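Dear colleague,

The structure we spoke about is below. My notes on what turned up in it follow.

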Amino acid sequence: MTRKEIVYTYLQTHAIAYDEYDHPEGKTIEEAMRWWRDDGSVHCKNIFLRNHKGNQHYLVCFDCSHDLDIHDLEQRLKARLQAAGKPAPGKLSFASPERMMRYLGLEPGSVSPFGLINDTENHVILFLDENLQQAQSLSFHPNDCTGTVVISRSEFQRYLDTIGNTYEFMGLY
């Protein structure tokens, strides 16, 4: 099965409603913007990070119309994790393509929360911008940058509850 088919099969198996459409490759937000439909969804940017020791990985999702300061994110994650009694991440950096493949089964340009389907050990911690909770619907790549999945916020919440990874909504900007 292709990466898209794995995502669609997972969502269907868990009775999670979604819409999808194919389009030419869009590995960056700028490229993908040419192909996104004006469907009212919040198109999300997803970045895959690692801590300074390389023993913890984080997937961070936010509205693509916003920028994210990595140093500010480090401080926010540090405060949030320490408040929960967990170790602070220290310096964050982008995870390598090898780590991305190991933990999410994905290549650069195709990262999305649907990659957590491949994280069977639930190693990756997902952080989502709290503003996404106000969106009617969200859109992500289906683990392949030649398509888009549009999913209602409530159905996305159902997806998050099925995958088993730790996730948290927090202010990112």
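T148, leaving aside its neighbours within four places in sequence, is in contact with D19, E20, Y21, H23, W36, S139, F140 and P142. Bear in mind that this is a predicted model. T148 lies in strand β7. Its relative accessibility is 1%, and because buried means under 20%, T148 counts as buried. The side chains of T148 and H23 are joined by a polar contact of 2.8 Å.

Next, the nonpolar cores. The largest has 34 residues, and the members that touch the most others in it are L11 and Y159. At least two residues of this core come from each of α1 (3-13), β2 (42-50), β3 (57-63), α4 (97-104), β5 (125-129), β6 (137-140), β7 (147-152) and α5 (153-163). Apart from this core lies another, of 15 residues, including I47, L49, Y58 and I70.

Last, the pockets. The largest pocket has a volume of about 390 Å³. Its lining is made up of 24 residues, and K27, K45, N46, G109 and V111 are those nearest its centre. Sorted by class, the lining of this pocket has 12 nonpolar, nine polar and three charged residues. α2 (29-33), β2 and β6 each supply at least two residues of the lining; β2 gives the most, with six residues.

Regards

Notes. Residues are numbered from 1 along each chain as its sequence is written. This is a predicted model: local features need pLDDT of at least 70, side-chain atom pairs count only at pLDDT 80 or more; totals for chains, interfaces and linings use all residues. Side-chain values use heavy atoms; hydrogens and water are left out. A nonpolar core is a set of buried Ala, Val, Leu, Ile, Met, Phe, Trp, Tyr and Cys residues joined through side-chain atoms within 4.5 Å. Buried means under 20% relative accessible area, exposed over 50%, partly exposed in between (1.4 Å probe, protein chains only). Helices (H or I, at least four residues) and strands (E, at least two) are DSSP runs, numbered from the N terminus. On a 1 Å grid over the protein atoms alone, a cavity is a set of points where a 1.4 Å probe fits but cannot get out, and a pocket is an open set with protein on both sides within 12 Å along at least five of seven lines; lining residues have an atom within 4 Å of a point. Grid points are joined across faces, edges and corners, and a volume is the space filled by probe spheres set on the points. Ala, Val, Leu, Ile, Met, Phe, Trp, Tyr, Cys and Pro count as nonpolar, Asp, Glu, Lys and Arg as charged, and the others, Gly among them, as polar. A polar contact is a pair of N or O atoms within 3.5 Å; within protein, one must be able to donate a hydrogen and the other to accept it, and residues adjacent in sequence count only if both atoms are side-chain atoms. Contact means heavy atoms within 4.5 Å.
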